Amino acid sequence: METIKIQGTEDTPRIILDAENEILEIAGRSLPEDVTSFYEPVLNWLAEYEENPNEKTVFNFKLTYFNTASSKMLLDILMKLEEMYENGNDVLIRWHYPEDDEDMGEAGEEYSDIVDVPFEQVSYPG
Amino acid sequence: MNERKDMKGFLEFVYEFYKSMKAHEITLVYEGEITHQITKAFTSLTESSMAKEAEAGTVQRKVFHVMVECLQNISKHADDFTTENYLFSGRGIFLVSKGDDEYSVTTGNAVDNDRIEELTDILQTINKMDKEELKQLYKIQMKEGRLSNKGGAGLGFIDIKRKTGKELEYHFLPISDDTSFFLLTSTIPRDFK
């Protein structure tokens, strides 16, 4: 399966979707000019990955900032992972947030309330 | 001779303008088209000045959030206008001020009069809600508005109220029979730890 590697910028996150090495992550800041087209490749990749996923799928979110428009796209990604989980796959979401950033921790909690998929909150020194 | 007099008048105006900015503790003011590039430039400018002044991390993040949502409100809703209002599309005024106790972010842009009711409704509803209600509303809007590219009705407003804990102040002033100037101020207290 094709690997996606997108370098992070000041307004878009770093994205790694590497099934072979089992690295799935979105990290950094997310306020792209056009959220839909920015996240489209991620959703397409997940749709393909879903057909033949690894034995275990761990998806890491390590965002430091995202705007409200991005919040919907993140939900779309989480719902895709939820779908995989509902289909009997072993899926885990890891939501990393700086320990001094309450809002980012809370955002993770809220997503875990919305989607029904194993969800782990991981705080790291800010 | 007249030209010279006009120039002097203009320069005096600039000084008055400067004094007025100082009096209102305005640190950034902009009028014009609000694009993604402008949004990036202003947020990074404000970020570096806050970092230089050693503002608390939480306050910095909240100011950043509010600025982005306010600027994107204007830049994303540019196409809400009919052609005769194209001059206003995506344009507006943007101000940041810094007081001893709080930052405030103000935007002003033209809106069609028939949007006033909708905007007032949303803002009144959000202003009345407590933390838990806002959280539930945000979740609902996020789920239901997933297909819209614009950020959904009021998602940005909800986020501002949640992040700042302060009511959003707003005001409409008439421009013409069809349009009004919509002013919105968000306040970010500087005592977040």
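Start with the interface: select the 20 residues of chain A that are in contact with 21 residues of chain B (contact: C-beta atoms, placed from the backbone, within 7 Å). This is a predicted model, in which local features need pLDDT of at least 70 and side-chain atom pairs count only at pLDDT 80 or more, while totals for chains, interfaces and linings use all residues. Residues are numbered from 1 along each chain as its sequence is written, and chains are lettered from A and ligands numbered from 1 in the order in which they are written.

**Chain A side of the interface**

Colour helix 1 (35-51), helix 2 (68-86) and helix 3 (102-114) of chain A, the elements that give two or more residues to the side touching chain B. Helices (H or I, at least four residues) and strands (E, at least two) are DSSP runs, numbered from the N terminus. Helix 2 of chain A provides the largest share of this side, six residues. By class, the side of chain A that touches chain B has nine charged, six nonpolar and five polar residues. Here Ala, Val, Leu, Ile, Met, Phe, Trp, Tyr, Cys and Pro count as nonpolar, Asp, Glu, Lys and Arg as charged, and the others, Gly among them, as polar.

**Helices 1 and 2 of chain A**

Keep helix 1 and helix 2 of chain A on screen: their axes come within 10 Å and cross at roughly 5°. Axes are lines fitted to C-alpha atoms, for helices over the stretch in contact, and angles run from 0 to 180 degrees between N-to-C directions. The two helices of chain A are therefore roughly parallel (angles under 35 degrees). Show side chains where they meet, including Tyr39(A) and Leu43(A) from helix 1 of chain A, and Met73(A) and Ile77(A) from helix 2 of chain A. Nine nonpolar, one polar and three charged residues make up this helix contact.

**Chain B**

Now select chain B, which has six helices and five strands. Find the open sheet of five strands, with antiparallel pairing and the order 1-2-3-5-4; strands pair if DSSP finds at least two bridges between them. At its edges lie strand 1 (26-33) and strand 4 (169-174) of chain B, each pairing on one side only. From one strand to the next the twist averages 15°.

Zoom in on strand 1 and strand 2 (residues 91-98) of chain B, an antiparallel pair with seven bridges. Gly32(B) has Gly92(B) as its bridge partner in strand 2 of chain B.

Terms used:
Contact = placed C-beta atoms within 7 Å. Parallel < 35°, antiparallel > 145°, perpendicular 65-115°, else oblique.
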